[in-house]
Amino acid sequence: MPNVPKRMPTPMRDLAFVAFLFAFIGVGFRKPFLFILCFCYIDIVAPQRLSYFLINSIPISLIVFGLAIVGWLAVDDKRDTRWSGRQFLLVALLFYCWMTTINADFPVEAADKWSWVWKALVWAIFLPLTLRTKLRIESLVLFMLLSAAAIAIAGGIKTAAGGGGYGTLQLLLNENYGLYEGSIMSAVGVSIIPLILWYRRHGTIFPPDWRVSTFCFALVFACALLPIGTQARTGLVCLVILAVMSLRAVKHRFLYIAGAGLLAIAAIPFLPQSYTERMETIRDHKSDQSASTRVAVWAWTWDYAKENPFGGGFEAYIQNHVRVEKAASAYDPNAPQNAQATVYEERSRAYHSSYFEMLGEQGYPGLALWLLIHAISLVRMEQLRRRYLKTRRAEEQWIAPLATALQHGHVTYMVGSLFVGIAFQPFIYMMLALEMGLSTYVRRREQESGWRPLTARPAQVPARHPVTNPG
Amino acid sequence: MVDNFSIGLTHVLMAIALWRLLHRDDLDREVSPRLLWQQRRDAERAEADAHPDA
């Protein structure tokens, strides 16, 4: 663990957290949907861990989880509730994970991970049912962004002030919990950039104006700084992928390429030397210990899955024992030992890849289910994007850009997942839920009103109710 | 200091958003006056397009 002094308790901040949370729960009794936003907020920011008073001693997360579900069951209108096929897949994944937990290689450790995984999965199954209106979808986006922003802004400012370093950038909380882990936050931070840009144009809670634009651009900047501050290589890969994908969404492509290129070149002299050195190991990974170990663990997982096709349950990596051959690197007078190839042994190394995490812990069926859920989501977003890209209706303008933003964020996350074990990170399940909610919302809207997106001029749209064939 | 700024700013924005959401009827039912107005306007446009010389 990085040697950072433990934060002193701050009574004022704790009081503010308590007041905020209680007010949040209070307004939930007026509009129960706000409980749902409250749980998303608690899940991302974890105020109970930032606080030393009252809310850290009661199971606030579980209470709000219960309130949200009871509030929906008791009050919310369920007439037009629709299920998405992916929700059934998530139910299947939930049951499958429960089965592997019962038969896990390490029952105690597996039960520990299961204790938060089930909540993330149940939440992802439940959340789309509640996203019945456009404003609900928008407010969920807003609260996810603002919650992540609480971490990203602090990280961005500290990075800009020169306080970064691998494992040393302190993101509000001095422990690797949830999004507070550097690599995870840098991947998540980059993957929310498209959503931030969507909100700037299409928000109605904070309608577009110069203040919203300023905040959004500053937040994008902070998110882009996170991979530099945390020195997580994953984040840099995510940034590059996102930059390339954004070519699909921007209007003036050549201007965008030129601008992005100039910005990247201009940024290089400002990067700390430790950063550029670390990033070079992406290319020369064989002489880097962390990267070599990763490859060895992946090879171990591959073999393990052959013997245990149904997975070893959560945390199955604990049993791994890998022998790593580290290639020689160029001679460095400060570290002459690196100039020779070395062999070392490692035990219980984490997967550092969501794909191998799924393969090792849940076996082939689990990996297949997980991949299927993500693949369907990405395809659905592409369908929505194409269907609504050229719509002329004012109230449908937000749909295609949101589908694009979610899809780009999702792909970025999946690329980041190649190098970080974040298969069950609750944040991506909220994004999945948002995608499912958007799909069912649009489907319901189309069916209810018999509307078709106006790609042609209104007069050329075919009749709303097809004439039944008499023959 | 930076932490408190970051937490403060985002939480104030969330509080404002909550306040605004409390007064928005289209959170639970999506028939806002704006939507009705848009639907009416769309219908008028469609009609105008259907009878261009009227």
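A:Phe35 counts as buried because 25 C-beta neighbours lie inside 10 Å; buried here takes 20 or more other C-beta atoms within 10 Å, exposed 12 or fewer, with C-beta atoms placed from the backbone. The model is predicted, so local features need pLDDT of at least 70 and side-chain atom pairs count only at pLDDT 80 or more, while totals for chains, interfaces and linings use all residues. Residues are numbered from 1 along each chain as its sequence is written, and chains are lettered from A in the order in which they are written.

**Surroundings of A:Phe35**
- A:Phe35 sits in helix H2 (residues 33-45) of chain A; helices are DSSP runs of H or I with at least four residues, strands are E runs of at least two, and both are numbered from the N terminus.
- Beyond four places in sequence, A:Phe35 is in contact with A:Gly28, A:Val64, A:Leu67, A:Ala68 and A:Gly71, where contact means C-beta atoms, placed from the backbone, within 7 Å.
- A separation of 7.7 Å lies between the C-alpha atoms of A:Phe35 and A:Phe24, which are 11 residues apart along the chain.

**Nonpolar core**
- The largest nonpolar core has 131 residues; such a core is a set of buried Ala, Val, Leu, Ile, Met, Phe, Trp, Tyr and Cys residues joined through C-beta atoms within 7 Å.
- Helix H7 (residues 134-160) of chain A supplies the largest share of this core, 15 residues.
- Among the members that touch the most others are A:Ala148 and A:Leu219.
- Leaving aside neighbours within four places in sequence, A:Ala148 is in contact with A:Ile44, A:Leu179, A:Val188, A:Gly189 and A:Ile192.

**Helices H9 and H10 of chain A**
- The axes of H9 (residues 193-202) and H10 (residues 210-230) of chain A come within 9 Å and cross at roughly 175°; axes are lines fitted to C-alpha atoms over the stretch in contact, and angles run from 0 to 180 degrees between N-to-C directions.
- H9(A) is therefore roughly antiparallel to H10(A), a term for angles over 145 degrees.
- Residues making this contact include A:Ile196 and A:Leu197 of H9(A) and A:Leu219 and A:Cys223 of H10(A).

- Most residues other than glycine have a negative phi.
- A:Ser348, not a glycine, has a positive phi of about 50°, and A:His352, also not a glycine, has one of about 55°.
- A:Ser348 is exposed, with 12 other C-beta atoms within 10 Å, whereas A:His352 counts as buried because 21 C-beta neighbours lie inside 10 Å.

**Chain interface**
- In chain B, 28 residues are in contact with 31 residues of chain A.
- H1(B) gives the most to the side of chain B that touches chain A, with 16 residues.

Notes:
Two residues are in contact if their C-beta atoms, placed from the backbone, lie within 7 Å. Angles under 35 degrees count as roughly parallel, over 145 as roughly antiparallel, 65 to 115 as roughly perpendicular and the rest as oblique.
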